[in-house]
Number of protein chains: 4
Amino acid sequence: MKILVSNDDGYQSPGLIVLAEALAALGEVVVVAPERDRSGASNSLTLDRPLRAKRMPNGFIQVDGTPTDCVHLALTGLPSIEPDIVVSGINHGPNLGDDVLYSGTVAAATEGRFLGLPSIAISMASSTPQHLDTAARVAVQLVERLRERPLEASIILNVNVPDRPYAELAGFKATRLGHRHKAEPIVEARDPRGQPIYWIGPAGPEQDAGPGTDFEAVRTGFVSITPLQVDLTRHSALASLGSWLAGCV
Amino acid sequence: MKILVSNDDGYQSPGLIVLAEALAALGEVVVVAPERDRSGASNSLTLDRPLRAKRMPNGFIQVDGTPTDCVHLALTGLPSIEPDIVVSGINHGPNLGDDVLYSGTVAAATEGRFLGLPSIAISMASSTPQHLDTAARVAVQLVERLRERPLEASIILNVNVPDRPYAELAGFKATRLGHRHKAEPIVEARDPRGQPIYWIGPAGPEQDAGPGTDFEAVRTGFVSITPLQVDLTRHSALASLGSWLAGCV
Amino acid sequence: MKILVSNDDGYQSPGLIVLAEALAALGEVVVVAPERDRSGASNSLTLDRPLRAKRMPNGFIQVDGTPTDCVHLALTGLPSIEPDIVVSGINHGPNLGDDVLYSGTVAAATEGRFLGLPSIAISMASSTPQHLDTAARVAVQLVERLRERPLEASIILNVNVPDRPYAELAGFKATRLGHRHKAEPIVEARDPRGQPIYWIGPAGPEQDAGPGTDFEAVRTGFVSITPLQVDLTRHSALASLGSWLAGCV
Amino acid sequence: MKILVSNDDGYQSPGLIVLAEALAALGEVVVVAPERDRSGASNSLTLDRPLRAKRMPNGFIQVDGTPTDCVHLALTGLPSIEPDIVVSGINHGPNLGDDVLYSGTVAAATEGRFLGLPSIAISMASSTPQHLDTAARVAVQLVERLRERPLEASIILNVNVPDRPYAELAGFKATRLGHRHKAEPIVEARDPRGQPIYWIGPAGPEQDAGPGTDFEAVRTGFVSITPLQVDLTRHSALASLGSWLAGCV
């Protein structure tokens, strides 16, 4: 089994290193990851300039692009990489609810959707994680199970792991994404030359975080596993939209 | 009515200018758009540095960030902007099927999901559009209708317009997103110093483009209108995932 | 006469526009300038990615690179540009003393050193200039004189103009560069996530700003004109360095 | 003795690592270097955004900025760094003649000009160096000698070392900078979307490379040591410029 590992925190991230080492027990691991932290990159693709890929002393390949660029390169051309699955992470910090829209970790997994196996994005619920090995062990379990009992190919599993020893996990839960309130206001400041600058504010507080959500699972000590899709069509609205459009033109 | 207009081609894009002028007939238009072309930016947010916003001679506000940054700034803090709706575009080029995952145009509309009205992303089916006014007129129609007969608040309407005179449109169609095959291989080259470089290849050809899809609507001369959602949960897979996980831990 | 105009404030800078219009009285003006503000770029050249050049509606060519990239492109390859002289500016803000080491305005002029005529960098002494037309008139005078009475080809004239009406100038002065003290300390701050960030502090105060210096000329109402060289060798130290090295190896 | 080490190839460059290790024999070494390759950065300073400094596992501090930013930060604010000297390199590739105008390696040394000792920029004459230890040993020799027999404080020593074993060096030579012809033409190409792109071409061939120049020293197996200055005034032209200006205004 050939496993492509990527992330959005950059190729030097401890979470990535721990993940790659753990997955090596299951097959051949190839790491293609951004040269620096690209958190918040979402599915952005670099179209206006060429990319460079560089093999580092530890065998990892770093790319001067986004997480999506990394997986895209690996799947559509870098010689001798033909993975069966993409595992992205371990992210330092949660990717819960609306976070997944902006997440580079999830985007790297999304880019693996044309492979025969589902892709996995895995994140620690803490941004200063103490128990990366817990998430690594969860990743190994999930990849093993996927190999034995495949799920639908184009599913992406978005996994969030509480920051605690493996033995203290409450279990695994299939969850839906919760939702957050609107983000906190931007933070206005001045640069030393007196010019106004704006920082994007923190993500909003939880709005829909009750039973069944990823927020609730992690809060109660469970590994949250959310099946994601790439079809953004709101199918439930198609019929009403059709009648709403009646008379246009 | 206050209309926030943004795009991903940059604040100087002809498509943006035509759109802003047309919408001015319906209310107050505020333009907040990237300082340069940010096509392919998806929902990426700039978290590692502050942003700058600058009012240009024509009243447009340019931001040195992504489309999502622009709308985020406008909705969470730039003084005196409290729009009722976000309209993003007019993109020079289609956003059909899988394109929406990577599209900065769609991402700008997505960022408006906390407003009381749906958001609209509007794109010309040609990357060298001759009939921007057709799309502008479509945008006006849709915003007018939304004002009179609101749809669900968090819907994003992804609109693709054939590049032809308005009178030659075949009509409006509610569509689902089609799908593309895997992207074309990366394009390898050498820089003048002999080092290897890689360009992201073109989007893949249409795979699922039959009746009901956005691809088919545009191909047959219709304005394609796809309702998008921001909930990425694959709800249909929740139950089976639950049983698949049985026995973990 | 063909005049290449560039700057470091970007192709939309009022100073650039005023300069290009004024010089059009003397010959054909071609503007190749950065797409955005690149102050502080010094002589940096973009070697790791390709550049793009785009002709704007007003005929200016914008380049997604540094001031040096702009002039380099114009002199080594953009079709149909074979200028006789490079004029860079009008910078909004002074380039006095040590400033010239970091200045993109001066760097653009430096890059013209292989032409048959000297190059000119021209700056307003105020960063919020009210009298750009004064500097434009000075530029025209200098180019005219250079055409009539050429100076050495590889000289760069670094010109700083007091921000006042032309009639109130005290005159023109040939000056040497003064010197500044060490820069002010960096400005430490925290981003909204609590991480430390550092802003480069303001330039240091004047240290050597007495008679004969560019600082003194501008302070007393004169246009300061400093002849610059590109030979950084400290010739006066060559002999003593030779003896200092004696015995090495 | 406290030695600040920087470079322009990035904090992971083998040349930097070898240099830091060698200089540790002479005193306390602090490394502050760019997070990635910034060759060609010249003296550019980052003024439009804040910088981040991060201590890596090996003790090096990486900065997301230019070589000049690194030294500037170290000298004007990073706590507990008060070096006596700056040594920049070992660059992979020569910095001869006009190269020094564009060199980030030389710029890092230039930024140390306010210290009490000269600064040193050191480069290997080959861009794929085999004998970095030769340059490291040269650097140690020069720093030792500077400590014993100081030169003028604001001198920058630009050192280029032939890529051969130390025992095969022909000696040390004090040199002046040679000059190059105009750079090779830009390299035009098309991106995969058919848009024109331009690569900066190679540096021009040697024009003034005879006896006494840095080119000649390296070509004949000598370590070339050129004393540089930061005063760009062309003093020899001041008088004639004054008379040339007569009658202006």
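In chain A, 9 strands are arranged as an open sheet of mixed pairing, in the order β3-β4-β2-β1-β5-β6-β7-β13-β8. The model is predicted. The edges of this sheet are formed by β3 (53–55) and β8 (171–174) of chain A, each of which pairs on one side only, and the twist from one strand to the next averages 20°. Within the sheet, strand β7 (residues 156–161) and strand β13 (residues 222–228) of chain A run antiparallel and are joined by 5 bridges; A:I156 has A:L228 in β13(A) as its bridge partner.

Helices of chain A accompany this sheet. Helix α1 (residues 14–23) of chain A packs on the sheet, where it touches β1 (2–6), β2 (28–34), β5 (85–92) and β6 (119–124) of chain A, and its direction makes about 140° with that of β5(A). Helix α5 (residues 132–148) of chain A lies across β1, β5, β6, β7, β8 and β13 of chain A, and runs at about 165° to β6(A).

Turning to the interfaces, the contact between chain D and chain C takes 89 residues from chain D and 89 residues from chain C, and the area buried between these two chains is about 7,900 Å², with carbon and sulfur atoms giving 65% of it. Of the area that chain D buries against chain C, 12% is supplied by D:L232, D:R234 and D:W244, more than by any other three residues. Several elements of chain D each supply at least two residues of the side that touches chain C, among them α3 (99–102), α5 (132–148) and β13 (222–228), while the largest share, 6 residues, comes from α2(D). By class, the residues on this side of chain D divide into 43 nonpolar, 26 polar and 20 charged.

Chain C also meets chain A, in a contact that takes 13 residues from chain C and 13 residues from chain A. Here the two chains bury about 950 Å² between them, 64% of it on carbon and sulfur atoms, and C:P192, C:R193 and C:W199 supply 45% of the area that chain C buries against chain A, more than any other three residues. The side of chain C that touches chain A has 7 nonpolar, 1 polar and 5 charged residues. Across the interface of chain C and chain A, 0 salt bridges are found, whereas 4 residue pairs, both at pLDDT 80 or more, are in polar contact.

Terms used
Residues numbered from 1 in each chain as written. Chains lettered and ligands numbered in written order. Predicted model: local features only at pLDDT ≥ 70, side-chain atom pairs only at ≥ 80, totals over all residues. Heavy atoms only, no water. Contact = heavy atoms within 4.5 Å. Buried area = accessible area lost by both parts, 1.4 Å probe. Salt bridge = Lys/Arg side-chain N within 4 Å of Asp/Glu carboxyl O. Polar contact = N/O pair within 3.5 Å; in protein donor to acceptor, adjacent residues only side chain to side chain. Nonpolar A, V, L, I, M, F, W, Y, C, P; charged D, E, K, R; others polar. Pairing = 2+ DSSP bridges. Helix = DSSP H or I, 4+ residues; strand = E, 2+ residues; numbered from the N terminus. Axes fitted to C-alpha atoms, helices over the stretch in contact; angles between N-to-C directions.
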